[in-house]
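Hi everyone, thanks for making time.

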Amino acid sequence: MTESEAFAVTAVRVIETTDRDENAWTGADRAWASHGAAAYVGETAAPAQFLSRRAALAMQRLGERFSALRQALQALAWRPWLGVAIVAAAFVAGVLADRVGNAQRINVLAPPVLLLLVWNLAVYVLIVVLPLLRGKAARPMDPLRSLVAYLGTGMHRMPSQMGAPAGQWFAAIAMEWSRLAVPLYRARAARILHLAAAALALGVIAGLYLRGLAFEYRATWESTFLEPGSVQALLAVVLAPGAWLGGMPLPGLERIAAMRSPGSENAAPWLHLIALTLLVLVVLPRLLLAVLAAWRERRCIANFPLQLEQPYFRRLLRGFHVEANPVQVLPYGFAPTEQALVGLESILTRLLGGAASVRIAAPVAYGDDEDQSLVMLAPDPGPIVVLFNLAATPEREAHGAFAQAAIAKCSAAQPLLVLVDETSFMARAGGDVQRLEQRRAAWRELLQLARLVPAFVNLASPDLVAADAAMDAALFVPSH
């Protein structure tokens, strides 16, 4: 799954898990996206392919309905050109950096070059030491990498106002994506900054040689505090990598003393030493770190933390079928109203992540635990739903016995879901929360004996998001 695909899947997940009313993105839209994706990739495709295609279809339709949302989400996508621009700017800055000397005289103690070396060495020390101090705990990005990520994702261009529900969706998507993409953006920003540091050093080297070609430079040094011996010791340490790489001898004490201002010598050997030292201490290590960061970046993309075991993705993957998913519903001891049946079909469609073919059996007679409805269940794969009425007092010999009989019929291909309809009880009890909780507790206690967890839903007016969570928790799949 690519980064853009992971972003689309995340955006659709946020919308579908926060849209409680399904006014702007309906159950029919969800079913259309699932069916279209399954038909396109085929039922043998990997789950990631199905989810990616489904997200693409959903984003296309959402973009047609909410153009402002589409534009805002495009602003969140990473801008690949930013990395190129930062690296190019660093190279130009290196070329145009402060001259290493004035009046065609190069001060071998020139601060820009020494500061560049010290800065990079300090970065290397921090890269090694900070993880040891902080351990494996997650840590936020440093300010510089945070700035790169901020500019790269266009977070600074987020719209201030957007109509409902697109505005709420966008805010939630931006927050969730920022949370999920932290490891990816940390690696990407590190890659860009390491390349920029290498480019800055290469720019300095290019500037040195360009000036050396155009002018005759003389090497010298001057210092208020340092004597020739100190300067020779300092340069022997600082320029040692360049001398080793180029096989060049380091200057001795007499040569250093003769170079003290107003003395000087031809700057060509010093330009070579400085360039080679920058190459060894800055360019090559930074390129190696950039390669390592690029590897981490690719690994973050390949293992993006979408967590397919989450209930939302499990629901979608249950709907990974070209045909509608069959669901067999067995009402026990009562006949659901037409309005309740509409609500039932809506929540079951969400449970299966696509179109559901809901088959409502005739109500099972009260007290009959061997009803023909269980015997006549079709062998089609898909959930078996036992529907109880919260208004009924739960009884072990009746409701409990039927639940046990239903367990005997279910399998991995036909998991069992126990729903308790609260419609008539809530109409009777009004807003008496205490009575409602007492009755729920009685049903839980009864069904716990059968190792079942009931999902309580007011089918006449279901809270879809709450029903999703309740049904995910209640779905019973036998272990045998």
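Let me start with a term: we say a charge sits over a ring if NZ of Lys or CZ of Arg is within 6 Å of the ring centre and within 35 degrees of the ring normal. And before I use it, please keep in mind that this is a predicted model.

So, which residue lies over the face of W119? That's R286, at 5.2 Å from the ring centre. There's another case at W32: the charged end of R61 sits over that ring, 3.5 Å from its centre.

Now on to rings with rings. How many aromatic pairs does the structure hold? The count is 10. Take F7 and W177: their ring centres are 5.0 Å apart and the planes are at 80°, and since anything over 60 counts as edge-to-face, that's what this pair is. F7 lies in helix α1, residues 3-18, while W177 is in helix α8, residues 166-180, so the pair ties together parts that are 170 residues apart in sequence. Both of these residues, F7 and W177, are buried.

Another edge-to-face pair is Y332 with F388, at 5.6 Å centre to centre and with 75° between the planes. This one links distant parts of the chain too: Y332 is in the loop between β5 and α15, F388 is in strand β7, and they're 56 residues apart. Y332 is buried, with a relative accessible area of 2%, and F388 is buried as well, at 0%. Those two also belong to one aromatic cluster, together with Y366, F402 and W443.

Let's go back to α1 for a moment, and look at T10, which lies in that helix. Is T10 buried or exposed? It's buried, at 1% relative accessibility. Leaving aside its neighbours within four places in sequence, T10 is in contact with E176, W177, L180 and L306. So here's W177 again, the ring that pairs with F7.

As background, in soluble globular proteins, nonpolar side chains tend to be buried together. Here, the largest nonpolar core has 49 residues, and the ones with the most contacts inside it are L69, W169, I173 and F304. Several helices each supply at least two residues of this core, among them α1, α2, α8 and α9. Which helix gives the most to this core? That's α1, with 8 residues. There's also a second, separate core of 31 residues, including L116, L239, M259 and L271.

L278 counts as buried, at 0% relative accessibility. Not counting residues up to four places away in sequence, L278 touches L116, L117, A201, V204, I205 and V283. For a sense of scale, L278 and L459 are 72 Å apart in space, C-alpha to C-alpha, and 181 residues apart in sequence.

Last stop, helix α2. It has 15 residues and reaches 21 Å from its first C-alpha to its last, close to the 21 Å expected at 1.5 Å a residue. Its buried residues include G27, D29, R30 and A31. What do the buried residues of α2 pack against? They pack against α1, α3, α14 and α15. After α2 comes G42, with a positive phi near 85°.

That's my tour, and I'm happy to take questions.

Definitions and conventions:
Residues numbered from 1 in each chain as written. Predicted model: local features only at pLDDT ≥ 70, side-chain atom pairs only at ≥ 80, totals over all residues. Heavy atoms only, no water. Phe/Tyr/Trp six-rings, centres within 6.5 Å; stacked < 30°, edge-to-face > 60°. Helix = DSSP H or I, 4+ residues; strand = E, 2+ residues; numbered from the N terminus. Buried < 20%, exposed > 50% of the residue type's maximum accessible area, 1.4 Å probe, protein only. Core = buried A, V, L, I, M, F, W, Y, C linked by side-chain atoms within 4.5 Å. Expected span 1.5 Å × (residues − 1). Contact = heavy atoms within 4.5 Å.
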